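Subject: Structure handover

Hi,

Here is the structure I promised to pass on. My notes on it follow below.

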Amino acid sequence: IFAGAVYGGASTSDRKRADAAYAALYLARPAGAEQPACLAKPPEEWNEPGVTQELSKDDLPAWKYWILYWGGYYSYTTSCARSARRLHELAVCPAAKALVAPGNPFGLRDSFAHEYTALALHAWILHKRLRKVYGRAGADLSQELHGFMNEDVEMRVYKRGVRLRASHWNKQLENQFYLICSELDVAMAEPDTVTDVLRKRVYAFDVEMDAEEDVSEQQVQALAHYLHETHLALANTDATALMQGEIRFRGPGGEAGGGEIAQQASS
């Protein structure tokens with residue numbers, strides 16, 4: 001459902017060129033290429049307090065395990081949902097917050113509009129990887145992640161005091177997300193156009209910013225480079241950690257992005 005909505009406006013030839021460009025850049029990496037840092041959390045930091053937990057059979061009394069088992073806690077669907085929620089809490093939200101933090105090198109403002117587009121950029125990177133590499137399981141995780149992102153955005157809109165026509169504005173935000181994803185996908189086949197998409201769909205989305213006058217070409221190039229490096233780092237990330245939702249994006253300075261949980265990032 002999600003993938004169809006994202007690609008609905010792109011022609012078949014554009015989709016094929018975008019897929020080929022992604023494969024060339026991030027799937028078939030040349031031997032000897034510099035390997036970026038893995039985004040997986042160290043195993044000892046998995047299941048950290050404050051985020052969606054994964055209850056292991058080994059840590060539970062038998063009676064409690066069987067109650068959870070028969071209640072569907074360990075089913076494929078609910079396990080996928082927990083992994084998606086962790087991806088949103090540990091990776092997408094903190095990274096978006098770090099991207100718009102004061103003093104960031106990209107010229108982004110600490111505003112609702114720019115934080116939303118930062119969320120969309122990181123979700124797009126995850127969706128690309130999950131859909132292209134991990135088959136049905138990746139597609140299901142991508143769909144769940146998209147659902148949690150929508151829930152989070154709706155809550156952010158509510159906290160902004162929007163009560164009238166909230167569903168209209170939520171629909172506008174979702175349309176913006178689809179435009180960012182589809183246009184960046186197409187731009188992957190023509191790297192020189194990535195900065196044009198970023199100016200149009202990221203910077204200009206904040207109506208208080210003049211995307212031509214208030215941001216330099218160097219800042220837009222820096223954001224494009226950050227996205228490219230993040231794609232590479234995700235390609236170098238352990239599959240188990242990604243599918244379990246136990247990863248963190250690296251911030252603009254290369255540090256683990258934010259280290260904040262979703263409750264803090266959404267405030």
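C181 is buried, with a relative accessible area of 2%. Buried here means under 20% relative accessible area, exposed means over 50%, and partly exposed lies in between (1.4 Å probe, protein chains only). C80 is buried too, at 10%. A search of the whole structure finds 0 disulfides, a disulfide being a pair of cysteine sulfur atoms within 2.5 Å.

Before the rest, the ground rules. This is a predicted model, where local features need pLDDT of at least 70, side-chain atom pairs count only at pLDDT 80 or more, and totals for chains, interfaces and linings use all residues. Residues are numbered from 1 along each chain as its sequence is written, and side-chain values use heavy atoms, with hydrogens and water left out.

**Fold**

The protein chain has 11 helices and 0 strands. From the N terminus on, the elements therefore read α-α-α-α-α-α-α-α-α-α-α. Helices (H or I, at least four residues) and strands (E, at least two) are DSSP runs, numbered from the N terminus. Of the 267 residues in the protein chain, 46% are buried.

**Salt bridges**

The search of the whole structure gives 15 salt bridges. The criterion is a side-chain nitrogen of Lys or Arg within 4 Å of a carboxyl oxygen of Asp or Glu. Three of them are described here.

Start with R86. It is found in helix 4 (residues 76-99). R86 counts as buried because its relative accessibility is 0%. Its side chain meets that of E246 in a salt bridge (3.7 Å, N to O). This pair links distant parts of the chain: E246 sits in the loop between helix 10 (239-244) and helix 11 (262-265), 160 residues from R86. E246 is also buried, at 3% relative accessibility.

Next, E115 and R156. Their salt bridge has its closest N and O atoms 3.0 Å apart. E115 is buried at 7% relative accessibility. R156 is buried at 9%.

Then K128 and D185. The closest N and O atoms of this salt bridge are 3.3 Å apart. K128 lies in helix 5 and D185 in helix 7, 57 residues apart, so this pair too links distant parts of the chain by the numbering of DSSP runs. K128 is buried, with a relative accessible area of 0%. D185 counts as buried at 1%.

Salt bridges that share partners join K41, E48, E54, R82, R86, E246 and R248.

**Surface patches**

Which residues make the nonpolar surface patch of about 410 Å²? They are W66, Y69 and W70. Patches are made of residues with over 30% relative accessible area and no salt bridge; like charges are joined within 9 Å, nonpolar side chains (Val, Leu, Ile, Met, Phe, Trp, Tyr) within 5 Å. Accessible areas come from the Shrake-Rupley method with a 1.4 Å probe, and for residues only the protein chains shown count as cover. W70 lies in helix 3 (residues 62-70). It is exposed, with a relative accessible area of 68%.

There is a negative patch as well. D192, D196, D210, E212, E213 and D214 form it. Asp and Glu count as negative, Lys and Arg as positive; His and the chain ends are not counted. The place of a charge is taken as NZ of Lys, CZ of Arg, CG of Asp or CD of Glu. D192 is in the loop between helix 7 (166-187) and helix 8 (194-201). It counts as exposed, at 72% relative accessibility.

**One backbone detail**

N47 has a positive phi of about 60 degrees although it is not a glycine. It lies in the loop between helix 2 (12-27) and helix 3. N47 counts as partly exposed, at 28% relative accessibility.

Best wishes
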